[in-house]
Amino acid sequence: MVGLVVLILWEGIVRLAQVPSFILPAPSDVIATFFSRFGELMSAARVTTVGVFGGILMGGALAVIASLIVSLFERFAKTALVLVAIISCAPVVALAPIFNAWFGATNIFSKISVAAIMVFFPVMVNTTRGLLAVTPLHRELLDSLGASRGQLLRFVRIPGALPSLIDGLKVGSTLAVIGIIVAEYFGGTANALGVMIANSAALSQFSLTWAAVFAASILGLTAYGLVLLLGRTVVPWKQTAL
C-alpha cells in the first residue's frame with residue numbers, strides 16, 4: 001500500500017512539475033519500457049542472476065567453513081570476529097576492477113568473487129555467534145555424558161546456529177545483488193544488468209536505466225525470498241520476521 005502511494009506521488013510530481021526524464025522519469029514510462037524491452041531485460045537478468053546465486057553459494061559455503069573452524073577455538077573467537085568486522089568495513093566493491101584484471105572482465109567468476117566476499121562477512125559473523133551461543137545447561141549435559149568436541153558441535157552448536165546462518169544469508173543475499181551490479185559497472189559481458197544500467201545512462205536512455213534498476217530490485221527480492229523459504233524449511237521451529 002505504501003509503495004502504491006509512493007508511485008502515485010512520484011507520477012504526480014513528475015507530471016505536474018514537468019521534471020525532465022534525465023532527472024527522474026515517470027513510473028508509467030519506466031513500466032512501459034520494462035514491458036516493451038522485457039525480453040532484453042530478462043536476457044540480461046539471467047546473466048546477473050548466475051553471478052548473484054554463484055556468489056551466495058560460494059560466499060556462504062566459505063563463511064560456514066570459517067565459522068566452524070573459529071568456533072573450535074573459543075578463546076580466540078571474539079578476537080577473530082572483531083577482526084572480521086574491521087575488515088568488512090573496507091569498500092569490497094572496489095575490488096571489482098582488481099578481480100577483472102585477475103580473471104578477465106568478461107569472466108563471470110570475477111563478478112561472483114565480489115559477491116562472494118560481500119556475502120562472506122555477514123554470514124561468517126552471524127554463524128560464528130550462533131555456534132558460540134551454547135547455553136550452559138546444554139554444555140553441562142553433554143559434558144556429563146562424556147561428549148566430544150565434535151559431538152557438541154554436531155548436536156548442539158550447528159542446530160543452534162542455523163537461525164543465525166539464515167539471518168546472515170538474508171543480509172548477504174541483498175548485498176550479493178549490489179556487489180554484482182557494481183562489479184558489472186567496471187566491465188562485463190554486454191548482456192548483463194549492470195552493464196545495461198551503465199550504458200543506457202550514458203546514452204541518456206533513462207527509462208531503460210530505471211527499468212533495469214527495477215529488474216535488479218526484483219532479482220534482489222527474489223534472492224531474499226528464497227532465503228526466507230530456506231529458513232522456513234531448515235528451521236521451522238523458529239519463524240523469524242522479515
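# Reasoning through a predicted helical model

Reader: Why are helix 3 and helix 9 called oblique to each other?

Author: In this predicted model, helix 3 and helix 9 pack at an angle of about 130°, and their axes are 7 Å apart. Angles under 35 degrees count as roughly parallel, those over 145 as roughly antiparallel, those from 65 to 115 as roughly perpendicular, and the rest as oblique; helix 3 and helix 9 are therefore oblique to each other. On the side of helix 3 the contact is made by Glu40, Leu41, Ala44, Ala45 and Thr48, and on the side of helix 9 by Leu193, Gly194 and Met196.

Reader: What makes helix 2 and helix 10 roughly perpendicular to each other?

Author: Their packing angle is about 75°, with the axes 8 Å apart. The range from 65 to 115 degrees counts as roughly perpendicular, and helix 2 and helix 10 are therefore described in that way. Where they meet, helix 2 brings Asp29, Val30, Thr33 and Phe34, while helix 10 brings Ser207, Leu208, Trp210, Ala211, Phe214, Ala215 and Ile218.

Reader: How many helices and how many strands does the protein have?

Author: The protein has 10 helices and 0 strands, and from the N terminus on its elements accordingly run α-α-α-α-α-α-α-α-α-α.

Reader: Which elements of the protein have the lowest and the highest mean pLDDT?

Author: Helix 7, residues 136-144, has the lowest mean pLDDT, at 58, whereas helix 3 has the highest, at 90. Over the protein, the average pLDDT is 81, and 85% of the residues score at least 70. Where pLDDT is low, the predicted coordinates should not be read in detail.

Reader: Why does threonine 48 count as buried?

Author: Threonine 48, which is found in helix 3 (residues 38-71), has a relative accessibility of 0%. Buried means under 20%, so threonine 48 counts as buried. Leaving out residues up to four places away in sequence, threonine 48 touches Ile180, Ile181, Glu184, Ala192, Leu193, Gly194 and Leu219.

Reader: What joins the side chains of threonine 48 and glutamate 184?

Author: The side chains of threonine 48 and glutamate 184 are joined by a polar contact of 3.1 Å, a value to be set against the limit of within 3.5 Å for such a pair of N or O atoms.

Reader: Which residues have the most contacts inside the largest nonpolar core?

Author: That core has 41 residues, and those with the most contacts inside it are Leu41, Val52, Ile56, Met124, Leu169 and Leu193. At least two residues of this core come from each of helix 2 (27-36), helix 3, helix 4 (74-88), helix 6 (108-132), helix 8 (149-185), helix 9 (193-202) and helix 10 (206-234). Valine 52 touches Ala176, Val177, Ile180 and Leu219, with residues up to four places away in sequence not counted. In soluble globular proteins, nonpolar side chains tend to be buried together.

Reader: Why is arginine 129 called exposed?

Author: Arginine 129, found in helix 6, has a relative accessible area of 54%. Exposed means over 50%, and arginine 129 is therefore exposed. Alanine 77, which belongs to helix 4, lies 52 residues from arginine 129 in sequence and 9.0 Å from it in space, C-alpha to C-alpha.

Reader: What makes serine 88 partly exposed?

Author: Serine 88, in helix 4, has a relative accessible area of 31%. Buried means under 20% and exposed over 50%, with partly exposed in between, so serine 88 is partly exposed.

Reader: How do you know that serine 110 counts as buried?

Author: The relative accessibility of serine 110, a residue of helix 6, is 1%. Since buried means under 20%, serine 110 counts as buried. A polar contact of 3.0 Å joins its side chain to that of lysine 111.

Reader: What is phi of serine 204 near?

Author: Phi of serine 204 is near 60°, a positive value in a residue other than glycine. Serine 204 is placed in the loop between helix 9 and helix 10. Most residues other than glycine have a negative phi.

Note on methods: Residues numbered from 1 in each chain as written. Predicted model: local features only at pLDDT ≥ 70, side-chain atom pairs only at ≥ 80, totals over all residues. Heavy atoms only, no water. Helix = DSSP H or I, 4+ residues; strand = E, 2+ residues; numbered from the N terminus. Buried < 20%, exposed > 50% of the residue type's maximum accessible area, 1.4 Å probe, protein only. Polar contact = N/O pair within 3.5 Å; in protein donor to acceptor, adjacent residues only side chain to side chain. Contact = heavy atoms within 4.5 Å. pLDDT = per-residue confidence, 0-100. Core = buried A, V, L, I, M, F, W, Y, C linked by side-chain atoms within 4.5 Å. Axes fitted to C-alpha atoms, helices over the stretch in contact; angles between N-to-C directions.
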